[in-house]
Amino acid sequence: MLEFVNVSKSFWTGKQRKVILDRASFRVNLGESLGILAPNGTGKTTVINMMAGLEKPDEGEIHRHCRISFPLGFMGGLVPRHTGRENARYIAQLYSLDPDYVEAFSRYLCGIDEYFDMPVGTYSQGMRARFSFALLLALDFDIYLIDEGMPQSTDVGFNRRAGEVLRERLQSATVVIVSHQAEVLAKFVHKAAVLQDGQLYIFDTLEEAKRLYDYEYQG
């Protein structure tokens, strides 16, 4: 279970304070994947980062009673001066996993050939995104976090391999995905929420959430 209890988060933009969450409380139960609809610039990525523990709330508490992934596409945990192999083995140790398995899985999935044994700092943005995605799928989480703003790969082979693994994982895992498009959420979830005025309004169906979203932001 992932739970936000009276969580507030805001930023000073230089001209005004932008409120992301205002004493918001909600819960994501295992087995109940959730899609969050919100326009660009409203704080979707910030909410996802708080779920992962990458950002702290200004007020309130976030309870994590399960294994929660870093956001899909997040590359902040990589050490640029270390090779892909060294990063994979180090992260495996952090999660108490077999370094040989994580190294082999990541090497196969990302498909960057000899670059896997070169410093990550020499990778192109696309290679870094593929390597980060491979590391995410090499680990085992109860809840996977997906941000629509994650880097996209143009490598067809990688997309096919990664897509197959991701679909398999999602059969038994829970997903939280944020997007400004209901069509993106429909691929992953049935239950959905709308981020509006600092609150997360959760609905039993995506269609119900879409009605509020369209009324507030598309009308």
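Colleague: How many bridges join β5 to β6?

Modeller: There are 5, and the two strands run parallel. Leu145, for instance, has Val176 in β6 as its bridge partner.

Colleague: Before I go on, what sort of model is this?

Modeller: A predicted one: local features need pLDDT of at least 70 and side-chain atom pairs count only at pLDDT 80 or more, while totals for chains, interfaces and linings use all residues. Residues are numbered from 1 along each chain as its sequence is written, and side-chain values use heavy atoms, with hydrogens and water left out.

Colleague: Fine. What about the sheet of 3 strands?

Modeller: That open sheet has the order β2-β1-β4 and antiparallel pairing. Its edge strands, β2 (17-28) and β4 (59-64), each pair on one side only. Between β1 and β2 there are 8 bridges, and in β2 the bridge partner of Ser10 is Val19. Helix α1 (residues 44-52) packs on the sheet and touches β1, β2 and β4. The direction of α1 makes about 130 degrees with that of β1.

Colleague: Is Ser10 buried or exposed?

Modeller: Ser10 has 16% relative accessibility, so it counts as buried. Buried means under 20% relative accessible area, exposed over 50%, and partly exposed in between, with a 1.4 Å probe and protein chains only.

Colleague: What does its side chain do?

Modeller: The side chain of Ser10 makes a polar contact with that of Arg17, at 3.0 Å. A polar contact is a pair of N or O atoms within 3.5 Å; within protein, one must be able to donate a hydrogen and the other to accept it, and residues adjacent in sequence count only if both atoms are side-chain atoms.

Colleague: Now the helices. Which residues of α5 are buried?

Modeller: Among them are Phe158, Val165 and Leu166. What covers the buried residues of α5 includes α3 (99-110), α4 (125-138) and β5 (143-147).

Colleague: How far apart are the end C-alpha atoms of α5?

Modeller: They are 21 Å apart, which agrees with the 21 Å that its 15 residues should span at 1.5 Å a residue. The expected span is 1.5 Å times one less than the number of residues.

Colleague: And what happens at the two ends of α3?

Modeller: At its start, a side-chain oxygen of Asp98 reaches to within 3.1 Å of the backbone nitrogen of Asp100. After α3 comes Gly111, whose phi is positive, near 60 degrees.

Colleague: Last one: how many helices and strands in the chain?

Modeller: The chain has 7 helices and 8 strands. Of its 219 residues, 47% count as buried.

How values were computed:
Helix = DSSP H or I, 4+ residues; strand = E, 2+ residues; numbered from the N terminus. Contact = heavy atoms within 4.5 Å. Pairing = 2+ DSSP bridges. Axes fitted to C-alpha atoms, helices over the stretch in contact; angles between N-to-C directions.
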